[in-house]
Amino acid sequence: MPFARLATATTPTCHIGLGLAAVGRPGYINLARERDLGEDRGVETLRARTHELLDAAYAQGVRYFDAARSYGRSEEFLADWLNAHPEADDVVVGSKWGYTYTADWSTDAEQHEVKDHGFATYVRQRAESAELLGDRLDLYQIHSVTPDSPALTDRQLHAALAEVAAQGLTIGFSTSGPAQAEAIRAALKVTVDGEPLFRTVQSTFNALETSAAHALAEAHDAGLTVIVKEGMANGRLAEPYAPGGLKAVAAETGLGCDAVALALILSRPWAGVVLSGAATTGQLASNLHAAVVDLDEDQLARLAVLAEDPRVYWERRGELPWH
């Protein structure tokens, strides 16, 4: 598996990855986006922003980069950077299929992305990802699997994924929604010719949404690499929005709420890679301080009480506007 490269890496930040959801397209649901990106969100402006973030991330030891077909031009921006940096041959590159970007580079589109886990969508998007990323793509994930996803039962799809896995591409899945644990456990049962199909799982887990913890531990025990997304809860755990309990612990550490929020995830023994969704190099630098935060038992206990009912959490997330 490509993540074996991270297991032997020595930089303290090698288990923090950079997700490109926030910079691959002009509109997203993160809070304070107007402040972070400003008004100019043209293609070339965001291409330059993405490259600046990738430069900073690589220089500071980040070795996993995460894109998706639905993140606007994230694969294109990442491919450009990889082509310009052949020396960065130690990075692990992941992308996802299953959502199609439909906003046409607009922040006020009626619909920004459309979900479809059908076989035809896989064939089309696999070709699109291959054209951009070629053999630099290490991990291909089904985007946002839920318990009712046809991707869990489509044997034709499973066979096709197993075929590319045999050629060296690692196959994974991501989850979203209040039933993440159920989706993870269902995916762990998917096999082709008696062998597990999925080698990674990417799920939402943060101080406010902890419902997938036990299922992620089970996935880790089954040999999957666990990637954690939305560790900042789309900005709800960053200043000035962070809850008081998180602000108090952050004050004790002398670091930002973001570093503490990500350190909480890194403290989980099953967490293989924790994604930073930074939109600026300053946010990235602050996020990377998570690698040196050492939370004690009292602090962990105080952060544990911040968790919300998953249905409440996902309802609130669903109400966040696209900025």
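Is serine 203 buried or exposed? Serine 203 counts as buried, because its relative accessibility is 0%, and the cut-off for buried is under 20%. This is a predicted model. Its largest nonpolar core has 98 residues. Helix H10 gives the most to that core and also packs against helix H11.

**Serine 203**
- Strand E10, residues 200–204, holds serine 203.
- Beyond residues up to four places away in sequence, serine 203 touches Thr175, Gln180, Ile184, Leu216, Ile227, Val228 and Lys229.

**Nonpolar cores**
- In the largest core, the residues with the most contacts inside it are Leu18, Phe65, Leu78, Phe173, Phe198, Leu246 and Leu295.
- H10 spans residues 257–266 and supplies 8 residues to this core.
- A second, separate core has 8 residues, including Leu6, Tyr64, Leu139 and Ile227.
- Ile227 is also among the residues that serine 203 touches.

**Phenylalanine 198**
- Neighbours within four places in sequence aside, phenylalanine 198 is in contact with Ile142, Ile171, Gly172, Phe173, Ala187, Val190 and Leu224.
- One of these partners, Phe173, is listed with Phe198 among the residues with the most contacts inside the largest core.

**Helices H10 and H11**
- H11 covers residues 281–288.
- The two helices pack at an angle of about 50°, and their axes are 7 Å apart.
- H10 is therefore oblique to H11.
- Their crossing is right-handed.
- From H10, Asp258, Ala259 and Leu262 meet Gln283, Ser286 and Asn287 of H11.
- By class, this contact has 2 nonpolar, 3 polar and 1 charged residues.

Definitions and conventions
Residues numbered from 1 in each chain as written. Predicted model: local features only at pLDDT ≥ 70, side-chain atom pairs only at ≥ 80, totals over all residues. Heavy atoms only, no water. Core = buried A, V, L, I, M, F, W, Y, C linked by side-chain atoms within 4.5 Å. Buried < 20%, exposed > 50% of the residue type's maximum accessible area, 1.4 Å probe, protein only. Helix = DSSP H or I, 4+ residues; strand = E, 2+ residues; numbered from the N terminus. Contact = heavy atoms within 4.5 Å. Axes fitted to C-alpha atoms, helices over the stretch in contact; angles between N-to-C directions. Parallel < 35°, antiparallel > 145°, perpendicular 65-115°, else oblique. Left-handed = near helix turned anticlockwise from the far one by under 90°. Nonpolar A, V, L, I, M, F, W, Y, C, P; charged D, E, K, R; others polar.
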